[in-house]
Amino acid sequence: MRQTTGKRVRTILLRTMASLLVLALLTSGFFGVKGYLMYQSAVREKPVAEIAEAIRNQEGFTKYEDLPSRYIDAVIAAEDKRFETHGGIDICAIARAVWTDITTLSFAEGGSTITQQIAKNQLFTQEKRVERKFAEIFAALALEKEYSKHELFEIYVNSIYFGSGYYGIYQAAQGYFQKKPQDLTDYEAILLAGLPNAPSVYSLDNNMDLAKKRMSVVLSRMIKCGKLTLEEAEKIACD
């Protein structure tokens, strides 16, 4: 009797799981198609190949080789630790974000790579729609084919918002510290690396204490990524 009941329960569970899987595939397919159409519409208006050109023509554009290495390491550790190895999307980050969204019943986690963030900022609105996430993925894959990792990093840091009206690393370095990006200290570079996560919240002009707390998070991630030792992080934090 117990064996029969157990079999029934397993059968029901398997059928439920299979139904959920089919539903997930159908839903993904539906939003995937909508996302692809959104991506196609966006690149008709602004071709992927034109994105870097428009940003490079901005005053103060800073090349990759002119960026402090600490700043590069900090941005990658804070925003996209597998940036240098993935092809535009990070499956592990997406899976983690989906699980968080499901378990918290929210849409707070995006799992976006640096490349996806470029796509979102340059091609799409900030509206949180499922099809837009799929559109981001198509655009990120296209961006990775068009540009090198160094070029993508340049596009990203020269266009993101740092709060207080500053767009791009050049404006942020000049506005907050009256310096060119290449002259930033390790402390200043890592502090700036944390701002784009929530620029209005972490603006150095308004919320220095919160910005320093965010910097501590960035330093911790740099340690985990092997970019800093604990002793180096503590020294930088005290500068």
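Here is a walk through this predicted model, from its overall make-up to a few individual residues.

A word on conventions comes before the tour. The model is predicted, so local features need pLDDT of at least 70 and side-chain atom pairs count only at pLDDT 80 or more, while totals for chains, interfaces and linings use all residues. Residues are numbered from 1 along each chain as its sequence is written, and side-chain values use heavy atoms, with hydrogens and water left out.

Let us begin with the whole protein. It contains 12 helices and zero strands, where helices (H or I, at least four residues) and strands (E, at least two) are DSSP runs numbered from the N terminus. Along the sequence the pattern therefore reads α-α-α-α-α-α-α-α-α-α-α-α. Of the 239 residues, 42% count as buried; buried means under 20% relative accessible area, exposed over 50%, and partly exposed in between, with a 1.4 Å probe and protein chains only. Contacts (heavy atoms within 4.5 Å) can also be sorted by sequence separation: among those between residues at least 6 apart, 61% join residues at least 24 apart.

Helix 6 covers residues 130–146, and its 17 residues should span 24 Å at 1.5 Å a residue; the end C-alpha atoms are 25 Å apart, which agrees. The expected span here is 1.5 Å times one less than the number of residues.

Just after the helix, Gly-226 takes a positive phi of about 80°.

Now to the aromatic residues. A pair of aromatic rings is described by the distance of the centres and the angle of the planes. Rings of Phe, Tyr and Trp (its six-membered ring) pair if their centres lie within 6.5 Å, and planes under 30 degrees apart count as stacked, over 60 as edge-to-face and the rest as tilted. The whole structure holds seven aromatic pairs. In one of them, the rings of Tyr-64 and Phe-153 have centres 5.8 Å apart and planes at 80°, so the pair is edge-to-face. Tyr-64 lies in the loop between helix 2 (51–56) and helix 3 and Phe-153 in helix 7 (residues 149–157), so this pair ties together parts that are 89 residues apart in sequence. Both Tyr-64 and Phe-153 are buried.

Phe-153 also pairs with Phe-83: their ring centres are 6.3 Å apart and the planes at 55°, so the pair is tilted. Because Phe-83 lies in the loop between helix 3 and helix 4 (91–104) and Phe-153 in helix 7, this pair ties together parts 70 residues apart in sequence. Phe-83 is buried, as is Phe-153. The charged end of Lys-149 sits over the ring of Phe-83, 4.6 Å from its centre; the criterion is NZ of Lys or CZ of Arg within 6 Å of the ring centre and within 35 degrees of the ring normal. Elsewhere, ring pairs link Tyr-36, Tyr-39 and Phe-138 into a cluster.

Our last stop is helix 8 (residues 168–177), where Tyr-176 lies. Tyr-176 is buried, with a relative accessible area of 10%. Leaving aside residues up to four places away in sequence, Tyr-176 touches several residues, including Phe-162, Ser-164, Leu-192 and Leu-204. Ser-164 is in the loop between helix 7 and helix 8, and has a positive phi of about 55° although it is not a glycine. At 30% relative accessibility, Ser-164 counts as partly exposed. Gln-178, in the loop between helix 8 and helix 9, also has a positive phi of about 55° without being a glycine, and is exposed at 58%.
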